[in-house]
Amino acid sequence: MIKPRLFRLWLVLGSVLMILLIIVYWDNVGTAHFYLHTSLSRPHTLESLPTPGQREEKEFASDVDEFLDKLLSSGSKKNDLSRKKTEQPLLASGKPALSHMEESVRGYDWSPHDAQQSTDQGQQQAERRSVLRDFCANSSLAFPTKERSFDDIPNYELNHLIVDDRHGIIYCYVPKVACTNWKRVMIVLSESLLDGGAPYRDPLDIPREHVHNSSTHLTFNKFWRRYGKFSRHLMKIKLKKYTKFLFVRDPFVRLISAFRSKFELENDEFYRKFAVPMLRLYANHTSLPASVSEAFSAGLKVSFANFIQYLLDPHTEKLAPFNEHWRQVYRLCHPCQIDYDFVGKLETLDEDAAQLLRLLKVDTRLHFPPSYRNRTASSWEEDWFAKIPLAWRQQLYKLYEADFVLFGYPKPENLLRD
């Protein structure tokens, strides 16, 4: 009886040591700090009970979690006590001198932060998160993938979850919702990109071509390459401990913005991949120029109606998933499988960005870049959809209904009736 227990103990300890060795030697950007607390972190709801065949794996995972929590949280408590006694001195580089425990895990700040936020903003966030949780649990709202678990999400669908282990943050980026500037912020915080040997300090200094380079960011879908069979377990630990946020906008306005940027401006990639098929299928053009500049010179452009036809065509999804610029947010960020701590909106971007940076205790280090004042406005919806048949508008709403409902956007009744 004693031997099996000793064997189990050695198995757990050996596995933990192996994980830590993998982390120390394979991870170049500090992506495996298991116990990071921020002001917004909170425990998630319990998962469904495991089946008998899963119990052994669950028990082993729990043993590893418990060991890591005790090991790493003890270091955090010591660090918190030292912070109460005195502020850490600064090194010549301007960075704080760190304890030996912190240095052993690359010196990242694990201390919890007590955020101060206004009653109105705090209440607004509580309401947004409440709406999201309620409709995820409400059977009256049905949409594809709603009922699946996090384990059911393929790795390639987790490529929008950007991780910053230095501050314990996970950001799900949504194209056409200020994602370029939020990616810039994540680069500065994670120090994942260097300029002349030093990390960028000002988000606006980062060239746009580097911002959207996938190699710049650590995303969840890269975990398998780094950690193999441990990747999904590490994801769950980070989802439990880290602060998770996303920014959204009115779904129809986001579609207008995507159309304007990808089809009203010259973009060779989107012309070849999307505009050419649209013009052939929905505008009856058989012979089209090879380049977007030639097409624009000849007056050959995709119309907004062509774009809506493309979205509603059942063959579109059969060929390939929606491009990220018009894919639904629930498919990009999985809000019913991931319990987000902060839901920002483009309509209140300046206030929400300032509030989030304060809550993360990084507002003294950087500011969110000023928002564009010429971005697509909600008041444009009626003009853009004026020539779209009512039946198409109604179908389009059903296609994006989950995004409207989950994120608290009112149903556009004026567009859905005669």
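Visitor: How many salt bridges does the structure hold?

Guide: The structure, which is a predicted model, holds 10 salt bridges.

Visitor: What makes K236 and D151 a salt bridge?

Guide: A side-chain nitrogen of Lys or Arg must lie within 4 Å of a carboxyl oxygen of Asp or Glu, and the closest N and O atoms of K236 and D151 are 2.9 Å apart, so the pair meets the definition. This pair links distant parts of the chain, with K236 in helix α8 (residues 231-241) and D151 in the loop between α4 (119-137) and β1, 85 residues apart.

Visitor: Why is K236 called partly exposed?

Guide: Partly exposed covers what falls between buried, under 20% relative accessible area, and exposed, over 50%; K236 has 24% relative accessibility and therefore counts as partly exposed. D151, with a relative accessible area of 43%, is partly exposed by the same rule.

Visitor: How do you know which side of the cut-off E191 falls on, buried or exposed?

Guide: E191 has 16% relative accessibility, and because buried means under 20%, E191 counts as buried. The side chain of E191 meets that of R201 in a salt bridge at 3.3 Å, N to O, and R166, E191, R201 and R365 are linked in a network of salt bridges.

Visitor: Why is D250 said to have no salt bridge?

Guide: The nearest side chain of opposite charge, R249, is 7.2 Å away, and a salt bridge needs a nitrogen and an oxygen within 4 Å, so D250, although buried, has none. A polar atom of the D250 side chain does, however, lie 3.1 Å from the backbone nitrogen of V253. Leaving aside its neighbours within four places in sequence, D250 is in contact with E347, E381, F404 and Y409.

Visitor: What makes α5 mostly covered?

Guide: In α5, 12 of its 12 residues are buried, and what covers them includes β1 (161-164), β2 (169-172), α6 (208-211), β5 and α15 (349-359).

Notes:
Residues are numbered from 1 along each chain as its sequence is written. This is a predicted model: local features need pLDDT of at least 70, side-chain atom pairs count only at pLDDT 80 or more; totals for chains, interfaces and linings use all residues. Side-chain values use heavy atoms; hydrogens and water are left out. Buried means under 20% relative accessible area, exposed over 50%, partly exposed in between (1.4 Å probe, protein chains only). Lys and Arg count as positive and Asp and Glu as negative; His and the chain ends are not counted. A polar contact is a pair of N or O atoms within 3.5 Å; within protein, one must be able to donate a hydrogen and the other to accept it, and residues adjacent in sequence count only if both atoms are side-chain atoms. Contact means heavy atoms within 4.5 Å. Helices (H or I, at least four residues) and strands (E, at least two) are DSSP runs, numbered from the N terminus.
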